Amino acid sequence: MKNNFNLIAPVYDGLAKVVFGKKLKQIQTHFLPVIPENANVLIMGGGTGWIINELFNTGFKGKLTYVEASERMISLSKKNCEFSESVNFIHGEESALPADRQYDVIITNFFLDVFSEVRLDEVIVQLSKQLNNDGIWICSDFQNTDRFGHQLLLWFIFKFFKITANLESGSLMNFDHKFKKIGHSRSENFTLMNGLIFSSVYTSERLL
Ligand SMILES: C[S@@+](CC[C@H](N)C(=O)[O-])C[C@H]1O[C@@H](n2cnc3c(N)ncnc32)[C@H](O)[C@@H]1O
C-alpha cells in the first residue's frame with residue numbers, strides 16, 4: 001500500500017521536531033487565525049492531530065471534518081483531541097468525503113507532497129470542487145529553492161518516506177502551478193527556513 005504512515009505515526013511528531021525544531025508547527029499555525037469563527041473546515045491528512053487543538057484554541061467555534069488515511073494517525077488524533085464534539089473524524093482518503101459536502105476552508109499541510117503528479121492533479125481537482133466559491137484553501141508544504149542544502153534535505157526526506165511509508169511521490173512538485181491550473185491564486189504567503197517551507201492562503205481568482 002502506498003502512502004502508509006502507520007509505521008512512522010508514533011514517532012512522526014518527534015522526528016519532525018528533531019529535524020525542524022518548532023518550524024513545522026509555526027508554519028502550519030500561521031494562518032489559523034484567518035479562519036472565520038463559524039466556518040466549515042476540512043483538514044486532509046492531518047497526521048497525529050495536534051493541529052485540531054491549535055485550531056480550536058484560536059477561538060474557532062465551527063465544524064471540523066478531519067480526514068486521515070492512516071489508522072494509527074487517526075487514533076492518535078482522536079486520543080489527543082480536546083474538542084471531539086465538534087470534529088467529524090473520517091478514517092479514509094478523499095474518496096471517503098461525501099460528494100455533496102462543501103467546505104469554507106480546506107487545509108492541506110504537508111499532504112499534497114505525498115502524491116504522484118497524476119494523483120495530485122486528481123486530488124486537487126476533487127478538493128477544489130468541495131470548496132465553496134468564496135472559500136479559502138490553506139496549504140503549507142516544502143518548496144524547491146536553489147540552495148544545495150535544501151535540495152539535499154528534500155532528497156533525504158523523500159528517500160526516508162519512500163522507505164518508511166512507501167511514499168507515492170518521488171520528488172517535490174510546484175504546488176503553486178497546480179493551484180493556478182484550477183483558478184486559485186495566493187492571497188497571502190508566509191515562508192520560513194529561507195523559503196524551504198511555506199504556508200499560503202489560496203482563493204479563487206474570481207474573487208481577487
Ligand atoms: C507527510 S504526513 C503530514 C501530516 C501532518 N499534516 C503534519 O504535517 O504533521 C501526510 C499525512 O497524510 C496522510 N495521507 C496520505 N494520503 C492520504 C489521503 N489520500 N487521504 C487522507 N490522508 C492521507 C498520511 O497518513 C499522513 O498522516
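At what angle do the axes of helix α1 (residues 9–20) and helix α4 (residues 71–80) cross? I took up this point first in the model, which is a predicted one.

**Entry: helix pair.** I found that the axes of α1 and α4 cross at roughly 75° and come within 8 Å. Angles of 65 to 115 degrees count as roughly perpendicular, and α1 and α4 are therefore roughly perpendicular to each other. I then listed the residues in contact: α1 contributes Ala9, Pro10 and Tyr12, while α4 contributes Arg72, Met73 and Leu76. By class, I noted 5 nonpolar residues and 1 charged residue in this contact, with no polar ones.

**Entry: annotated span.** I consulted the UniProt record, an unreviewed entry, whose annotation "domain: Methyltransferase" covers residues 37–148. For that span I recorded 28% helix and 31% strand. Its end C-alpha atoms lie 41 Å apart.

Entry: I next examined individual atom pairs. Gln28 places a polar side-chain atom 2.9 Å from an oxygen atom of the ligand. For Gly45, a polar backbone atom is 2.9 Å from a ligand nitrogen atom. Ala69 has a backbone N or O atom 3.2 Å from a nitrogen atom of the ligand.

Terms used
Residues are numbered from 1 along each chain as its sequence is written. This is a predicted model: local features need pLDDT of at least 70, side-chain atom pairs count only at pLDDT 80 or more; totals for chains, interfaces and linings use all residues. Side-chain values use heavy atoms; hydrogens and water are left out. UniProt positions are given in the numbering used here, feature names are shortened, and annotations may be inferred rather than shown by experiment. Helices (H or I, at least four residues) and strands (E, at least two) are DSSP runs, numbered from the N terminus. Axes are lines fitted to C-alpha atoms, for helices over the stretch in contact, and angles run from 0 to 180 degrees between N-to-C directions. Angles under 35 degrees count as roughly parallel, over 145 as roughly antiparallel, 65 to 115 as roughly perpendicular and the rest as oblique. Contact means heavy atoms within 4.5 Å. Ala, Val, Leu, Ile, Met, Phe, Trp, Tyr, Cys and Pro count as nonpolar, Asp, Glu, Lys and Arg as charged, and the others, Gly among them, as polar. A polar contact is a pair of N or O atoms within 3.5 Å; within protein, one must be able to donate a hydrogen and the other to accept it, and residues adjacent in sequence count only if both atoms are side-chain atoms.
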